[in-house]
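Work through the exercises below with the sequence and the 3D structure at hand. Try each task before reading its solution.

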Amino acid sequence: MKIIGTGSALPALRVTNDDLAKFLDTSDEWITTRTGIQARHLLSTEDLYDIAVDASVKAIKASGLRPDQIDFLLVSNVANLHVTPGLSAIVQKRIGLTCAGLDINVACAGFVNALMLADGMMKAGHAKNILILCAEEPTKYCDWKERDCSVLFGDGAGAVVVTEGTAFKDVKLTMISDRDVLYYERGMETTPFEKEYIKGQPLVMKGKELFRTAVSESAKDINALLKRNGLQHGDIDWFMLHQANKRIIDGIRHIVGGPDEKYPTVIQKYGNTSSASIPIMLDEMIADGKVKAGQKIVMSAFGAGFVSAACLWEWEF
Ligand code: COA
């Protein structure tokens with residue numbers, strides 16, 4: 001499998017830390033030093049479906065394929081307005097696709113998990129050209145009266161078109177079942193047989209625990225991936241890590257090794273855009289000419305579950 005087209009889309013509204021400090025008990029200094037985030041983009045005039053379609057259309061255009069040549073649509077999304085139908089069904093026609101699709105929810109690790117599924121589908125002969133779309137609006141499940149979660153997230157969409165090739169070398173997935181570390185509950189209808197109305201619960205996060213687990217498990221995944229492929233950190237050109245916190249990225253780097261320049265970031269501009277963070281960053285790096293054929297690239301992400309996932313590429317165009 002290889003990636004032949006990328007696209008991304010951010011909402012128009014850019015909100016800085018100082019903008020947040022106007023209505024939350026927070027400061028640019030606190031957010032910047034604890035997370036590296038300076039700004040994020042929030043959905044306001046457009047909706048998630050608009051940016052999902054925008055990123056997808058750009059990725060298909062960049063791939064040089066026509067929409068009717070896409071065999072399958074694989075969508076990563078944690079939550080959106082619709083519990084059903086899935087996001088893939090909502091955006092399929094607007095992207096100009098007629099193929100089947102499915103949605104996955106592996107939290108912020110959704111992109112790497114989708115890559116693993118796409119690779120397996122290709123090897124099994126189910127599809128040749130697959131559009132992977134990661135579209136997320138985590139700002140819609142934060143409590144905006146509280147400062148602990150709302151300052152961390154941003155909305156965004158990233159998409160890639162994958163086709164047959166040999167660039168995708170290996171993948172490692174981890175799940176440690178622990179709902180309490182990070183969760184969001186949507187309200188549900190109540191049957192006449194229940195005592196209590198089941199109301200929703202905005203995002204709850206055990207920040208310090210999540211921080212520690214993210215650093216240790218991501219580093220473990222990456223080191224295992226390097227070891228079983230006979231590689232050292234110095235052999236890797238880019239470590240494209242999930243953009244949740246610059247200090248988490250630094251923590252992983254201290255264990256795995258390598259200079260800061262090999263760990264690119266977009267978190268300062270976009271905050272944590274969940275599973276969209278790696279494909280958005282990849283799209284920008286390709287546009288900037290930073291990704292070149294033959295480079296070895298590690299992608300690694302973690303999120304609610306607790307889940308983490310890492311994969312290895314030897315880049316082909
Ligand atoms: N502005 C100002 N103060 C804030 C704040 C904000 N936005 N959010 C929390 N605080 C306060 C807390 O109330 C707490 O105050 P207290 O000490 O009086 O109780 C204090 O800051 C905690 O600070 P500190 O211990 O320095 O926080 P931290 O180093 O653990 O950083 C996180 C907090 C959330 C940035 C960090 O734990 C983290 O990034 N965790 C992982 C989050 C994540 O990645 N989530 C998504 C996963 S996909």
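This is a predicted model: local features need pLDDT of at least 70, side-chain atom pairs count only at pLDDT 80 or more; totals for chains, interfaces and linings use all residues.

Residues are numbered from 1 along each chain as its sequence is written, and side-chain values use heavy atoms, with hydrogens and water left out.

**Exercise 1. The interface**

Describe how domain 1 and domain 2 meet.

Step 1. Find the bounds: domain 1 is 2-165, and domain 2 is 170-264 + 276-314. Such bounds come from an automatic or database domain assignment.

Step 2. Take the centres over C-alpha atoms; those of domain 1 and domain 2 are 15 Å apart.

Step 3. Look at contacts (heavy atoms within 4.5 Å).

Step 4. Cys108, Val112 and Tyr141 supply 21% of the area that domain 1 buries against domain 2, more than any other three residues.

Step 5. Search for salt bridges (a side-chain nitrogen of Lys or Arg within 4 Å of a carboxyl oxygen of Asp or Glu). Across this interface the rule finds zero.

**Exercise 2. Two residues compared**

Step 1. Use the cut-offs: buried means under 20% relative accessible area, exposed over 50%, and partly exposed in between (1.4 Å probe, protein chains only).

Step 2. Aspartate 221 has a relative accessible area of 1%, so this residue is buried. Threonine 166 reaches 53%, so this residue counts as exposed.

Step 3. Helices (H or I, at least four residues) and strands (E, at least two) are DSSP runs, numbered from the N terminus. Aspartate 221 belongs to helix H6 (residues 207-228), while threonine 166 is in the loop between E7 and strand E8 (168-178).

Step 4. Check polar contacts: pairs of N or O atoms within 3.5 Å, where within protein one must be able to donate a hydrogen and the other to accept it, and residues adjacent in sequence count only if both atoms are side-chain atoms. The side chain of aspartate 221 makes one with the side chain of lysine 172 (3.1 Å). The side chain of threonine 166 makes one with the side chain of glutamate 316 (2.6 Å).

**Exercise 3. Charged pairs**

Where in the structure are aspartate 170 and arginine 228, and how are aspartate 250 and arginine 253 placed?

Step 1. The whole structure has 18 salt bridges.

Step 2. Aspartate 170 and arginine 228 form a salt bridge (2.7 Å, N to O). Aspartate 170 is in strand E8 and arginine 228 in helix H6, so the pair ties together parts that are 58 residues apart in sequence. Aspartate 170 is buried at 17%, whereas arginine 228 is partly exposed at 47%.

Step 3. In the salt bridge of aspartate 250 with arginine 253, the closest N and O atoms are 3.3 Å apart. These two residues are separated by about one helical turn, because they are three residues apart in helix H7 (residues 246-256). Both aspartate 250 and arginine 253 are buried.

Note on methods. Buried area is the accessible area (1.4 Å probe) that two parts lose on being put together, summed over both.
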